[in-house]
Amino acid sequence: MQQGKGLVASQSLNRFTRQHPQQSKTKAHTLKLLAAAASLAIVSTSALADADDFGGRHGAQLFPGNLVISRSVYDNKSSNVTVGTVLPPGCAQTTGGCSASTGAPYDGTYPFVWNDDTYDAAFGITSKIFLDQITTTGWPINTIEVPNTTNENFSHDHLATSFSSKSELALNLSSDRKYLTFMGYVAPINAIDVSNSNTPGAVDTTNPDGQSFYRAVARVDANGRFTFTETNAYSGNNGRAAILLNGGKNPFYVTTGNAGNGANPQPNGIILGAGTQFVNEVLTSEASQTVGTPAPLASFSVTELGAKADKIGKDDNFRGLTVFNNVVYMTKGSGSNGVNTVYFVDTTGKACPNGVGVPAANAPLPSSALSYDAATLQTAGLPNNMCILAGFPTTPNKSATTTAFPFGVWFADANTLYVADEGDGYTGGTDLYTHAAAQTTAGLQKWVYNASKKTWSLAYTLQKGLNLGTPYTVRGYPQGTNPGTNLPWSPATDGLRNLTGHVYRDGSVYIWAMTSTISGNGDTGADPNKLVVVRDIVSNTNPTVAQRSQFVTLRDAGFGEVYRGVSFTPDAGFGFDPQH
């Protein structure tokens with residue numbers, strides 16, 4: 001028996017109205033429209049029975065037409081860090097050396113623990129991963145707790161995230177829409193500095209973090225069953241997003257991330273394990289896997305634009321990821337190297353002779369790793385087979401006067417691309433709130449393709465309702481000034497990170513996204529953030545009309561929580577396709 005999803009959506013709307021009576025009529029109208037649109041999809045009545053059960057458990061079912069958000073919760077124990085501990089772990093055995101001899105200034109108590117980041121630049125603590133299934137209007141259905149452990153000798157498959165690493169846990173559907181995928185670390189819970197550790201097969205002795213942990217891609221099906229594929233990629237840094245391309249005979253993952261936490265020149269394993277990777281899917285247990293050398297999928301260098309070469313591998317500091325019309329797209333939005341912009345993989349070799357262009361018609365998906373010459377890897381890096389999408393920024397960060405910070409990307413159709421810009425993350429002084437509020441490109445950017453000119457242009461940026469730079473309160477969170485930074489504790493929205501969307505038959509499109517934050521926290525990646533939604537009209541390009549759209553907050557992360565990724569649930573075989 002099936003029940004219309006509009007009932008759940010209406011319940012969520014009524015719940016929102018009761019809890020937020022002060023919200024404007026515009027916000028209520030947005031949720032009302034979303035509730036009506038949601039009636040186009042269906043959800044099993046067994047899911048409704050779990051609507052009040054948001055507790056984590058393995059094997060909870062995911063129903064078509066709902067959303068999944070990735071969430072992490074810090075295990076708030078003072079014993080996680082001992083004051084005076086010299087960090088990073090194992091630093092004395094590296095040539096990179098240790099942080100100042102005074103040791104960690106704060107114990108593991110949240111949120112003060114993140115002030116240790118001011119002492120140890122690699123600081124982070126692993127935490128559990130949860131996948132929350134919710135309706136499109138934010139009503140909770142159930143939660144899947146990703147297998148994890150607090151015991152290093154635990155022999156079962158497991159995965160963790162780094163709580164304060166804000167670029168992690170993007171969620172993506174596989175190409176056949178049967179699975180959700182994301183990345184993490186094969187590491188215990190409450191381990192320190194895992195996010196900057198080496199991987200076992202790509203050790204950099206100049207990395208001050210003397211530990212080694214595999215990174216892994218997680219795959220989960222609609223019945224909550226997991227597989228994990230380990231990789232030696234992203235040594236010294238983190239994997240951020242993964243998509244399973246399983247339409248052919250040999251399923252593989254396309255991934256994004258960053259590598260390196262040591263000196264220059266970097267070892268070959270670091271260069272090979274950066275950026276975007278080709279990872280063959282493995283269905284055996286973690287303990288039985290044989291993990292080989294990283295296999296890069298693609299690479300970009302600013303030399304394609306005629307600029308002077310940067311540190312090899314650092315131009316490929318990718319995070320956002322999507323696949324549309326057989327083309328792999330990704331973003332770079334942080335770091336001082338390369339260009340912060342939107343890229344695509346050119347499988348034809350003809351789309352962009354000068355580093356900028358648009359995908360060739362009928363370009364095939366990549367089907368193998370990038371070939372390279374090991375003899376020239378240290379001097380020339382990897383071959384370049386990526387392009388900046390025409391119309392997007394092309395000025396290298398080292399010389400750019402204004403810099404974008406793109407994160408998630410999502411296509412509404414072949415001519416409409418939404419880009420989440422997370423803001424510049426400024427925390428340089430007491431003007432952090434006013435600085436965030438003054439940003440003009442942070443938020444949700446809408447880009448439109450001009451087929452005759454073969455280029456994209458920015459139509460407008462949606463910000464209304466995000467309340468950029470307006471501090472908000474979190475129950476149990478400290479008030480006043482953080483003694484570790486001498487800045488106010490209260491977080492404020494700075495922009496958007498991961499996102500997904502749905503185009504409805506009336507031409508409206510809804511975009512769900514996770515907010516980024518600024519604050520006086522020692523690491524703003526540890527700030528409780530928000531899940532928001534906004535309605536737009538796909539065909540609209542008029543900025544004045546667009547300003548009628550307003551973001552609505554659907555969920556607020558609580559004390560010790562962070563939200564990371566958002567995606568629709570697996571739906572293959574059920575006829576639900578959020579692209580139409």
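Start by selecting Asp221, which counts as buried at 10% relative accessibility. This is a predicted model, so keep the confidence colouring at hand for later in the tour.

**Stop 1: Asp221 and its partner**

The side chains of Asp221 and Arg225 meet in a salt bridge, 2.8 Å from N to O. Is Arg225 buried or exposed? At 52% relative accessibility, Arg225 counts as exposed, whereas Asp221 is buried. Next, pick Arg71, Asp132 and Glu561 together: salt bridges with shared partners join these three into one network.

**Stop 2**

Now go to Lys128 and Glu145, which form a salt bridge at 3.8 Å, N to O. Which elements does this pair link? Lys128 sits in strand 5 and Glu145 in strand 6 (residues 140-145), so that distant parts of the chain, 17 residues apart, are linked. Lys128 is partly exposed, at 29% relative accessible area, while Glu145 counts as buried at 16%.

**Stop 3: the loop at Thr94**

Select Thr94, in the loop between strand 4 (67-73) and strand 5 (126-134). Thr94 is buried, since its relative accessible area is 15% and the cut-off for buried is under 20%. What does Thr94 touch beyond its neighbours within four places in sequence? Look for Thr205, Asn207, Pro208, Asp209 and Gly210.

**Stop 4: aromatic rings**

Show the side chains of Phe, Tyr and Trp; the count of aromatic pairs comes to 24. One to centre on is Tyr329 with Phe344, a tilted pair at 6.3 Å centre to centre, with 50° between the planes. Tyr329 lies in strand 17 (residues 327-332) and Phe344 in strand 18 (residues 341-345), so the pair ties together parts that are 15 residues apart in sequence.

Then select Tyr74, Tyr110, Phe112, Trp114, Phe123, Phe163, Tyr477, Trp489 and Phe559, which form one aromatic cluster.

**Stop 5: the nonpolar cores**

The largest nonpolar core has 39 residues, and Leu389, Phe392, Leu417 and Trp456 touch the most other members. Centre on Phe392 and show what surrounds it: leaving out residues up to four places away in sequence, Phe392 touches Thr341, Val342, Leu417, Val419, Trp447 and Trp456. A second, separate core has 34 residues, including Val146, Trp512, Leu531 and Leu554.

**Last stop: confidence**

Finally, colour by pLDDT. The protein chain averages 90, and 87% of the residues score at least 70. Select residues 1-24, where pLDDT is below 50; this stretch has 46 contacts in the model beyond near neighbours in sequence. Residues 39-56 also stay under 50, and the model has 48 contacts for them beyond four places in sequence. Where pLDDT is low, the predicted coordinates should not be read in detail.

Note on methods:
Residues numbered from 1 in each chain as written. Predicted model: local features only at pLDDT ≥ 70, side-chain atom pairs only at ≥ 80, totals over all residues. Heavy atoms only, no water. Core = buried A, V, L, I, M, F, W, Y, C linked by side-chain atoms within 4.5 Å. Buried < 20%, exposed > 50% of the residue type's maximum accessible area, 1.4 Å probe, protein only. Contact = heavy atoms within 4.5 Å. Helix = DSSP H or I, 4+ residues; strand = E, 2+ residues; numbered from the N terminus. pLDDT = per-residue confidence, 0-100. Salt bridge = Lys/Arg side-chain N within 4 Å of Asp/Glu carboxyl O. Phe/Tyr/Trp six-rings, centres within 6.5 Å; stacked < 30°, edge-to-face > 60°.
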